[in-house]
Amino acid sequence: MEGKNKVRIGNPHLADVDEDNFHHLGFTSSGANIKEEYSDIKFICISGSDNRVLRFAKYLQSTLNINKDVELQNRCLTDRYVMYKVGPVLVLSHGMGIPSASILLHEVFKLLHYAGATDVVLFRMGTSGGLGVKEGTVVVTKQAVDGLLRPFHEQMILGGIVRHPTDIGSVVSDELASYSSENDFHFDVVQGDTMCCNDFYEGQGRLDGAFCEFSKDAKMDFLKKAYASGVRNIEMESLVVASMCRRAAIKAAIVCVTFLNRLERDQISLDKEIIDEFQTRPWRLVGHYIKKRLSSQ
């Protein structure tokens, strides 16, 4: 990769902090050899669950042929997240939902900024509900939109509302999408908008939560409207991932496999073996990208 683009953080108050505490990673800026350990990072791969992240890190060890026989060590010293390093790749869990993902990204971006890492690319890999696509399809996000189909992440800060755009560009996403025709992946890859919601049930228009005060017809009308606007999947983190990567000047792509078509049903009815295989599909796209980038250096 070309250039020397550093991870950009926009907080002038950090200049007055002698020792920065990464509260949820579990160490401080002076308590770890940050430059020595993390200056070589070129890729950040984040996903929801701790177990899925460990499995992906092991997959990367094999795919990239990096320390394949070395047992991975969790570098996170709290029980909030897990973090593994596979060569120039940092692999982390982000938990579920915007708040959890936001906390992780604040601390990881500071970590890599202090380390002097450059030309970093971030991938959010996960699962989602599809919209008008068959189960097992991998959706590469064009643009993240909120539950009102607006392309920005809205935060309440100091009694006001701040909006951050979610346009992260298409360079990485376009390349990932092109792999479906270049390689024998045996699954569909589509590009489309991703709707990011603040919860799994009512916010996503499901009829199977503990509470539901809308009709099936109202649900279908909205989901069809979302589909017509370009939405192809629904999840719970893309807004903050896209907006924060944009603010940090980090190239990024959001890559999620679908477990069902929400125009057909609300509940996932796949066997565990199929779910396990589906979860590896974003890994294969992202792993192929990383391998190509490293081999071209």
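Modeller: We begin with the largest cavity, which is lined by S47, R52, M125, G126, T127, Q279, P282 and W283. A cavity is a set of points, on a 1 Å grid over the protein atoms alone, where a 1.4 Å probe fits but cannot get out, and lining residues have an atom within 4 Å of a point. This is a predicted model: local features need pLDDT of at least 70, side-chain atom pairs count only at pLDDT 80 or more, and totals for chains, interfaces and linings use all residues. Residues are numbered from 1 along each chain as its sequence is written, and side-chain values use heavy atoms, with hydrogens and water left out.

Biologist: How much space lies in the largest cavity, and how is its lining divided by class?

Modeller: A volume is the space filled by probe spheres set on the grid points, which are joined across faces, edges and corners. For the largest cavity this is about 40 Å³. As to class, Ala, Val, Leu, Ile, Met, Phe, Trp, Tyr, Cys and Pro count as nonpolar, Asp, Glu, Lys and Arg as charged, and the others, Gly among them, as polar. The lining of the largest cavity has three nonpolar, four polar and one charged residues.

Biologist: How many cavities of 30 Å³ or more are counted?

Modeller: The count is two. The second largest cavity holds about 30 Å³ of space, and its lining includes C45, I46, V53, F56, V91 and L92. By class, that lining has eight nonpolar, one polar and one charged residues. Strand 3 (43-47), helix 2 (50-64) and strand 5 (89-93) each supply at least two of the lining residues.

Biologist: Strand 5 has now been named. How many of its residues are buried?

Modeller: Buried means under 20% relative accessible area, exposed means over 50%, and partly exposed lies in between (1.4 Å probe, protein chains only). In strand 5, five of its five residues are buried. In a regular strand the side chains alternate between the two faces of the sheet. Here V89, V91 and S93 on one side are buried, as are L90 and L92 on the other.

Biologist: Which strands pair with strand 5?

Modeller: Two strands pair if DSSP finds at least two bridges between them. Strand 3 pairs with strand 5 in the parallel sense over five bridges, and F43 has V89 as its bridge partner. Strand 4 (residues 83-86) runs antiparallel to strand 5, joined by four bridges, with K85 opposite L90. The hairpin of strand 4 and strand 5 has two residues between the strands, and G87 there takes a positive phi near 60°.

Biologist: How should I read a salt bridge, and how many does a search of the whole structure find?

Modeller: A salt bridge is a side-chain nitrogen of Lys or Arg within 4 Å of a carboxyl oxygen of Asp or Glu. The search finds 17 of them. In one of these, the closest N and O atoms of E235 and R124 are 3.1 Å apart. That pair links distant parts of the chain, as E235 is in strand 11 (residues 231-235) and R124 in strand 6, 111 residues apart.

Biologist: Are E235 and R124 buried or exposed?

Modeller: E235 is buried, with a relative accessible area of 3%, and R124 is buried at 2%. R124 also meets E237 in a salt bridge (2.9 Å, N to O). Because E237 lies in the loop between strand 11 and helix 6 (238-247) and R124 in strand 6, this pair ties together parts that are 113 residues apart in sequence. E237 is buried too, with a relative accessible area of 5%.

Biologist: Which residues are linked in a network of salt bridges?

Modeller: D146, R150, E154 and R163 are linked in such a network. Within it, R150 and D146 have their closest N and O atoms 2.8 Å apart. R150 counts as partly exposed at 22% relative accessibility, whereas D146 counts as buried at 8%.

How values were computed
On a 1 Å grid over the protein atoms alone, a cavity is a set of points where a 1.4 Å probe fits but cannot get out, and a pocket is an open set with protein on both sides within 12 Å along at least five of seven lines; lining residues have an atom within 4 Å of a point.
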